[in-house]
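Here is a friendly note to go with your first look at this structure. The points below can be read one by one, with the model open beside you.

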Amino acid sequence: MTLSNLSPQEGSTKQKKRVGRGPGSGHGKTAGRGHKGFKARSGSGIKPGFEGGQMPLYRRLPKRGFTNVHAKLCEIVSLSQLDKFEANTEIDNSKLIEAGIVSKGSMVKILANGEITKAFTVKVDKVSAQAKAQIENAGGKVVFVEE
């Protein structure tokens with residue numbers, strides 16, 4: 001058996017229904033769409049959310065709040081996650097991405113969750129006041145990344 005004589009298992013593949021190819025095919029003339037009406041027209045078809053003319057759910061429900069499309073979301077990193085790095089290293093966004101802690105292209109904020117026992121130089125976008133104090137108490141330094 002070689003790649004040239006392989007074939008799919010019996011019954012696993014079906015041929016595409018070719019409509020509108022003459023009366024002998026059984027799917028000629030109206031091509032399985034019936035006579036006239038909305039579903040017979042090109043470009044028709046019920047759109048997502050359409051409920052047959054009834055007021056759709058997304059319009060019946062009350063709308064509240066506001067979503068700021070320009071909001072800059074930060075990924076949160078705990079001090080306990082930073083403690084896994086070796087002492088006296090410079091931790092920046094690229095090191096955090098390599099370690100799989102944050103995803104590429106995101107802003108990073110360090111929060112004071114957990115304890116820190118080693119000294120680091122941390123270069124990130126944001127740091128909470130408590131986290132900054134703990135890093136500096138452990139002998140480390142916090143440097144803010146300028147955008």
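1. Contact here means heavy atoms within 4.5 Å.

2. A word on where the values come from. This is a predicted model, in which local features need pLDDT of at least 70 and side-chain atom pairs count only at pLDDT 80 or more, while totals for chains, interfaces and linings use all residues. Residues are numbered from 1 along each chain as its sequence is written, and side-chain values use heavy atoms, with hydrogens and water left out.

3. Which residues touch the most other members of the largest nonpolar core? They are Leu-82, Leu-96 and Ile-110, in a core of 17 residues. The elements giving two or more residues to this core are α2 (79–82), β3, β4 and α4 (129–137). A nonpolar core is a set of buried Ala, Val, Leu, Ile, Met, Phe, Trp, Tyr and Cys residues joined through side-chain atoms within 4.5 Å. Buried means under 20% relative accessible area, exposed means over 50%, and partly exposed lies in between (1.4 Å probe, protein chains only). Helices (H or I, at least four residues) and strands (E, at least two) are DSSP runs, numbered from the N terminus.

4. Now for an open sheet. Three strands are arranged in the order β1-β3-β5, with parallel pairing. The edges are taken by β1 and β5 (126–127), each with a single partner strand, so one side of each has no neighbour in the sheet. Two strands pair if DSSP finds at least two bridges between them. Strand β3 (residues 107–111) and β5 run parallel and are joined by two bridges; Lys-109 has Lys-126 in β5 as its bridge partner.

5. Ser-78 belongs to strand β1 (residues 74–78). Is Ser-78 buried or exposed? Ser-78 is buried, because its relative accessible area is 14%. Beyond residues up to four places away in sequence, Ser-78 touches Leu-111 and Asn-113.

6. Asp-125 deserves a look, in the loop between β4 (121–124) and β5. Asp-125 is buried yet has no salt bridge, and the nearest side chain of opposite charge, Lys-126, is 8.7 Å away. For charges, Lys and Arg count as positive and Asp and Glu as negative, while His and the chain ends are not counted. A polar atom of the Asp-125 side chain lies 2.9 Å from the backbone nitrogen of Val-108. This is a polar contact: a pair of N or O atoms within 3.5 Å where, within protein, one must be able to donate a hydrogen and the other to accept it, and residues adjacent in sequence count only if both atoms are side-chain atoms. Neighbours within four places aside, the contacts of Asp-125 are Asn-93, Ser-106, Met-107, Val-108, Phe-144 and Val-145.

7. How many salt bridges are there? The count comes to two, where a salt bridge is a side-chain nitrogen of Lys or Arg within 4 Å of a carboxyl oxygen of Asp or Glu. Arg-60 and Glu-51 form one of them, at 3.2 Å from N to O. Arg-60 is partly exposed at 43% relative accessible area, and Glu-51 is partly exposed at 30%. Glu-90 also forms a salt bridge with Lys-123, with the closest N and O atoms 3.7 Å apart. Glu-90 lies in strand β2 and Lys-123 in strand β4, so this pair ties together parts that are 33 residues apart in sequence.

8. Strand β4 has pairings of its own. It runs parallel to β2, with three bridges joining them, and Ile-91 stands opposite Val-122 in β4. Four bridges join β4 to strand β6 (residues 141–144), also in parallel, and there Val-122 stands opposite Val-142. The covered face of β4 holds Val-122 and Val-124, and the uncovered one Thr-121 and Lys-123.

9. Thr-89 counts as partly exposed because its relative accessibility is 23%. A polar atom of its side chain lies 2.9 Å from the backbone oxygen of Glu-86. Not counting residues up to four places away in sequence, Thr-89 touches Ala-119, Phe-120 and Thr-121.
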